[in-house]
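Please open the model in your viewer and keep the selection panel at hand.

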Amino acid sequence: MTYNIALVKGDGIGPEIVESAVRVLEKVGEKYGHTFNFTSYLAGGCAIDACGKPLPEETVEGCKNSDSVLLGAVGGPKWDTLPGNIRPEKALLGLRAALGLYTNLRPARIFPALKSACALRPDIIDRGFDLVIVRELTGGIYFGDRGRREGKYGPEAYDTEAYSVMEVERIARVAFETAQKRRKNVVSIDKANVLETSRLWRETVHRIAAEYPDVEVSDMLVDNAAMQLIRDPSRFDVVVTSNMFGDILSDEASQITGSIGLLASASLGATKCGLYEPIHGSAPDIAGQNKANPIATILSAAMMLRYSLDLPAEADAIENAVAGVIEDGYRTADILTDPAMEPLTCTAMTEKIMERI
C-alpha cells in the first residue's frame with residue numbers, strides 16, 4: 001500500500017524528531033511492503049519567518065489532501081512577543097479546526113525499566129499505571145470569544161468558555177468507546193461546583209453513559225484529579241475532559257512517566273486523517289544539537305499507523321521496538337538516571353529502535 005503523509009516539522013527540535021519518525025516509518029515500509037510518500041509543509045514560527053503567518057493556506061490544503069499528518073513542535077522565544085493572533089501556536093489551533101479534529105488522545109504509562117526516572121514514591125509507582133486522557137480539542141475557552149475592554153477596575157482582558165451539547169456528546173462517545181477496548185472505566189473531569197459549562201458537561205456525559213452500560217463512569221473535580229494523578233495514577237483508565245483541563249492534566253501525566261519526551265498524542269475527527277505529534281514543546285535550548293529524545297514522535301507515528309492507516313501490526317512493531325530499547329538500558333539525556341552512563345543522541349536512539357523492527 002502507498003500512503004501520503006504530510007510532515008509539519010515546525011520549530012526548534014521539530015525537524016530532528018520528525019526526521020527520526022520518518023526513518024522509522026521507512027523501515028516499517030521496507031519490512032511490511034508499504035510506501036510512505038512524505039511532503040513537508042511550513043507551520044509555526046518558521047512559517048511566520050517565511051511568509052508572515054503561522055499557518056499558510058498551502059499547509060492547510062496539503063494536510064487536508066494527505067492520508068495523515070505528522071507534526072514536530074512549534075514556537076520558541078524568537079516569536080514570544082508577537083500578538084496572540086499571529087503567534088506560532090495559532091498554527092496548531094488552525095490545523096485542528098481546519099481538519100475537524102475534535103478529539104485528542106494522550107496515552108500515559110510507565111515503562112517498568114524507567115521506574116527510577118519517575119518522581120513518584122516507589123510504593124506508588126510499583127502499582128503501575130496505564131491511562132488515556134481523552135481531551136476535547138476544538139471547543140471551550142481556547143476557541144471562545146476573547147478580547148480586551150474597560151472593566152470595573154480599568155482595562156481588563158477576557159476569554160470565554162462555552163460548550164454545546166453536541167460537542168460534549170461526541171467527545172463522551174469517544175471516551176466510552178475507548179474504554180470498551182480497555183478496562184471499561186471512565187472518569188469525567190470537570191469543575192461543576194463552580195462552572196456552568198461543567199454542569200452541562202456532567203449532565204451530558206451521564207446521559208451518554210446510558211448508551212454504554214458495560215462501562216463504569218464517575219465524576220471528579222479537576223483540582224482533585226490533579227492531586228489523584230500524583231497520589232494514585234493506577235486508579236485511572238480513561239479520563240475525559242475539556243480542552244483546557246485536558247491540556248493541563250495531560251502534561252502532568254507526562255511527568256509521572258519519567259519524561260515528557262516519551263509521550264505521543266493523536267488528534268482525531270470524523271475522518272481517518274489525523275494529526276499526530278509529541279506532547280512536548282520545541283525545546284529551543286537543545287535544537288540542532290542532536291540531543292532530543294525522538295521516542296514521543298516515533299510513538300506518535302505508531303499511533304498514526306494504528307488509528308489513521310489501519311496498520312495495527314506495524315504499530316505494534318514500533319511500540320515493541322521502543323519498549324525493547326528502553327528495557328535494554330538505552331537512554332537519551334532526559335531519561336538518563338545513571339550519571340556514569342553516556343546518553344544516546346537523537347540519531348543513535350533512532351537507529352537502536354530501527355534495529356529492532
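A cavity here is a set of points, on a 1 Å grid over the protein atoms alone, where a 1.4 Å probe fits but cannot get out, and its lining residues have an atom within 4 Å of a point. By this rule there are two cavities of 30 Å³ or more, a volume being the space filled by probe spheres set on the points. The model is predicted, so that local features need pLDDT of at least 70 and side-chain atom pairs pLDDT 80 or more, while totals for linings use all residues. Residues are numbered from 1 along each chain as its sequence is written, and side-chain values use heavy atoms, without hydrogens and water.

Select Glu161, Tyr163, Ile189, Asp190, Thr197, Ser198, Trp201, Ser242 and Phe245, which line the largest cavity, a space of about 50 Å³.

Next, select Ile133, Ile189, Ala225, Leu229, Phe236, Val239 and Leu249, around the second largest cavity, which holds about 40 Å³.

Finally, show helix α8 (residues 222-231) with helix α9 (residues 243-255), whose axes come within 10 Å and cross at roughly 15 degrees, the axes being lines fitted to C-alpha atoms over the stretch in contact, with angles from 0 to 180 degrees between N-to-C directions. This makes α8 roughly parallel to α9, a term for angles under 35 degrees. Their contact (heavy atoms within 4.5 Å) is made by Val222, Ala225, Ala226, Leu229 and Ile230 of α8 and by Phe245, Leu249 and Glu252 of α9.

How values were computed: 1 Å grid on protein atoms, 1.4 Å probe; cavity = no way out; pocket = protein on both sides within 12 Å on 5 of 7 lines; lining within 4 Å. Helix = DSSP H or I, 4+ residues; strand = E, 2+ residues; numbered from the N terminus. Parallel < 35°, antiparallel > 145°, perpendicular 65-115°, else oblique.
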